[in-house]
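This report describes a single protein chain. It covers the aromatic pairs, the secondary structure, the nonpolar core and the surface.

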Amino acid sequence: MAAMEYSVLQSLKATDMTGRVSEHQRIVVFTEDEHTLAGEILDRVFAGYYKNCLSTDIKPSYSIEF
């Protein structure tokens with residue numbers, strides 16, 4: 001969880017928002033206007049996660065709401 005949290009925080013801009021929902025869930029609100037950028041942002045978050053995570057056996061899941 002720490003590796004994903006670090007990766008998310010590194011991907012945020014000053015206008016983005018994040019908060020912890022539970023011990024294993026975090027909500028992130030990206031304020032980009034373009035829906036097409038969601039994939040690029042998530043690619044960046046997951047690249048950072050896999051770079052910093054000690055175990056790649058953990059596969060995080062997510063959903064996107066527009």
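How many aromatic pairs does the count come to? Rings of Phe, Tyr and Trp (its six-membered ring) pair if their centres lie within 6.5 Å; planes under 30 degrees apart count as stacked, over 60 as edge-to-face and the rest as tilted. By this rule the count comes to two aromatic pairs. The rings of Phe 46 and Tyr 50 have their centres 6.3 Å apart and their planes at 40 degrees, so this pair is tilted. Phe 46 and Tyr 50 are both in helix 2 (residues 37-52), four residues apart, which is about one turn of the helix. Tyr 49 and Tyr 50 make an edge-to-face aromatic pair, with 4.9 Å from centre to centre and 65 degrees between the planes. Phe 46, Tyr 49 and Tyr 50 form one aromatic cluster.

The model is predicted: local features need pLDDT of at least 70, side-chain atom pairs count only at pLDDT 80 or more, and totals for chains, interfaces and linings use all residues. Residues are numbered from 1 along each chain as its sequence is written, and side-chain values use heavy atoms, with hydrogens and water left out.

The protein has two helices and two strands, and from the N terminus on its elements run α-β-β-α. Helices (H or I, at least four residues) and strands (E, at least two) are DSSP runs, numbered from the N terminus. Strand 1 (residues 17-22) and strand 2 (residues 25-29) run antiparallel and are joined by five bridges; two strands pair if DSSP finds at least two bridges between them. Gly 19 has Ile 27 in strand 2 as its bridge partner. The two strands form a hairpin with two residues between them.

Exposure is classed by relative accessible area: buried means under 20%, exposed over 50%, and partly exposed in between (1.4 Å probe, protein chains only). The areas come from the Shrake-Rupley method with a 1.4 Å probe; for residues, only the protein chains shown count as cover.

| Residue | Relative accessible area | Class |
|---|---|---|
| Tyr 49 | 3% | buried |
| Phe 46 | 14% | buried |
| Tyr 50 | 34% | partly exposed |
| Val 21 | 53% | exposed |
| Glu 23 | 61% | exposed |

Buried residues make up 21% of the 66 residues in the protein. A nonpolar core is a set of buried Ala, Val, Leu, Ile, Met, Phe, Trp, Tyr and Cys residues joined through side-chain atoms within 4.5 Å. The largest such core has nine residues: Ala 3, Met 4, Val 8, Ile 41, Leu 42, Val 45, Phe 46, Tyr 49 and Cys 53. Helix 1 (2-11) and helix 2 are the elements that give two or more residues to this core, and helix 2 gives the most, with five residues.

On the surface, Met 17, Val 21, Ile 27 and Val 29 form a nonpolar patch with about 350 Å² of accessible area together. Patches are made of residues with over 30% relative accessible area and no salt bridge; like charges are joined within 9 Å, and nonpolar side chains (Val, Leu, Ile, Met, Phe, Trp, Tyr) within 5 Å. A salt bridge is a side-chain nitrogen of Lys or Arg within 4 Å of a carboxyl oxygen of Asp or Glu. Strand 1 and strand 2 each supply at least two residues of the patch; Val 21 is in strand 1.

Glu 23 is in the loop between strand 1 and strand 2. The C-alpha atoms of Glu 23 and Met 1 are 8.7 Å apart, with the two residues 22 apart along the chain.
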